Structures are given as structure tokens and as C-alpha cells.
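This report describes selected features of the protein chain shown below. The sequence and the model may be consulted together while reading.

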Amino acid sequence: MKRVIVDFKKLNQSILELLVAKFPDGYGDEHVITFKNQHNETIEAVEVHTEDTIYLVKISKRLADTMEAFDDDSDDDMGADVDNTPMDDMEDMDD
């Protein structure tokens with residue numbers, strides 16, 4: 001299996017979808033992998049898998065913001081037909 005390090009700036013739609021699906025409430029310290037790159041710099045990343053590749057996505061505040069914005073956009077698209085009427089305002093439906 002191939003391992004690929006990806007910066008959040010280079011995330012494509014499918015990797016972003018994998019991240020949001022794996023971490024719908026965001027990632028925590030227990031999800032972070034720390035390692036040294038070829039320049040001996042410490043890298044922190046979260047891991048997502050496809051059939052043939054393990055993606056190590058470098059984490060940053062901007063990654064969290066990007067994931068949250070993507071998830072909010074997805075929620076907006078999915079909820080377009082939802083009636084947001086509060087339950088207290090609805091008529092009795094026992095009829």
C-alpha cells in the first residue's frame with residue numbers, strides 16, 4: 001500500500017470527503033500521527049485510507065476550518081428540503 005503525505009492546500013474533493021466522513025466531529029489528539037520527514041522536520045498528520053493508498057494529511061488550523069466549511073456546505077445541500085418548523089409550532093398530528 002502506498003503512503004502519500006498531502007498538505008491541506010492540495011486536498012482534492014475525494015480526500016476531503018474521506019476526512020469529513022472519518023472525522024465528522026473533527027479530529028482529536030488521539031487521531032494525530034507525528035513523524036519526521038526527509039528534512040528532519042516534525043510533521044503532524046491524520047490518516048485516511050482508500051483501497052490502495054494511505055493519505056497522511058498534514059494538520060493545521062486551516063485544515064480544521066476547511067473540513068468544517070466542507071461539512072457545513074454538505075449539510076446545507078442535504079437539508080434543502082427539510083422543514084425547520086419547531087415542534088412546538090406544529091399541529092397535533094394524531095388525526
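## Nonpolar core

In this predicted model, the largest nonpolar core comprises 14 residues. Those with the most contacts inside the core are Leu11, Ile15, Leu19, Val46, Val48, Tyr55 and Val57. Two or more residues are supplied by each of the elements α1 (13-22), β3 (42-49) and β4. The largest contribution, four residues, is that of α1.

When neighbours within four places are left aside, its contacts are Ile15, Leu18, Leu19, Lys22, Phe23, Thr53, Ile54 and Tyr55.

## Helix α1

The buried residues of α1 are Ile15, Leu16, Leu19 and Val20. Viewed down the axis of α1, the buried residues lie within an arc of 135°, and they therefore line one face of the helix.

## Strands β2 and β3

Strand β2 (residues 33-36) pairs with β3 in the antiparallel sense, over four bridges. Within this pairing, Ile33 has Ala45 in β3 as its bridge partner. The two strands, β2 and β3, form a hairpin with five residues between them. In the turn, Asn40 has a positive phi of about 65°.

## Salt bridge

The count of salt bridges comes to one. The side chains of Glu47 and Arg3 form this salt bridge, with an N to O distance of 3.8 Å. Distant parts of the chain are linked by the pair: Glu47 belongs to strand β3 and Arg3 to strand β1 (residues 2-6), 44 residues apart. Side chains of opposite charge can pair when their charged atoms come close.

Is Glu47 buried or exposed? Glu47 counts as buried because its relative accessibility is 19%, and the cut-off for burial is under 20%.

## Thr53 in strand β4

Thr53 is located in strand β4 (residues 53-58). With a relative accessibility of 2%, Thr53 counts as buried. Its side chain makes a polar contact of 3.1 Å with the side chain of Asp52.

Which residues does Thr53 contact, leaving aside its neighbours within four places in sequence? They are Met1, Lys2, Val4 and Val48. The contact with Val48 joins Thr53 to a residue that also touches Ile15, Leu18 and Leu19, among others.

Methods. Residues numbered from 1 in each chain as written. Predicted model: local features only at pLDDT ≥ 70, side-chain atom pairs only at ≥ 80, totals over all residues. Heavy atoms only, no water. Buried < 20%, exposed > 50% of the residue type's maximum accessible area, 1.4 Å probe, protein only. Polar contact = N/O pair within 3.5 Å; in protein donor to acceptor, adjacent residues only side chain to side chain. Contact = heavy atoms within 4.5 Å. Core = buried A, V, L, I, M, F, W, Y, C linked by side-chain atoms within 4.5 Å. Arc of directions from axis to C-beta. Salt bridge = Lys/Arg side-chain N within 4 Å of Asp/Glu carboxyl O. Pairing = 2+ DSSP bridges.
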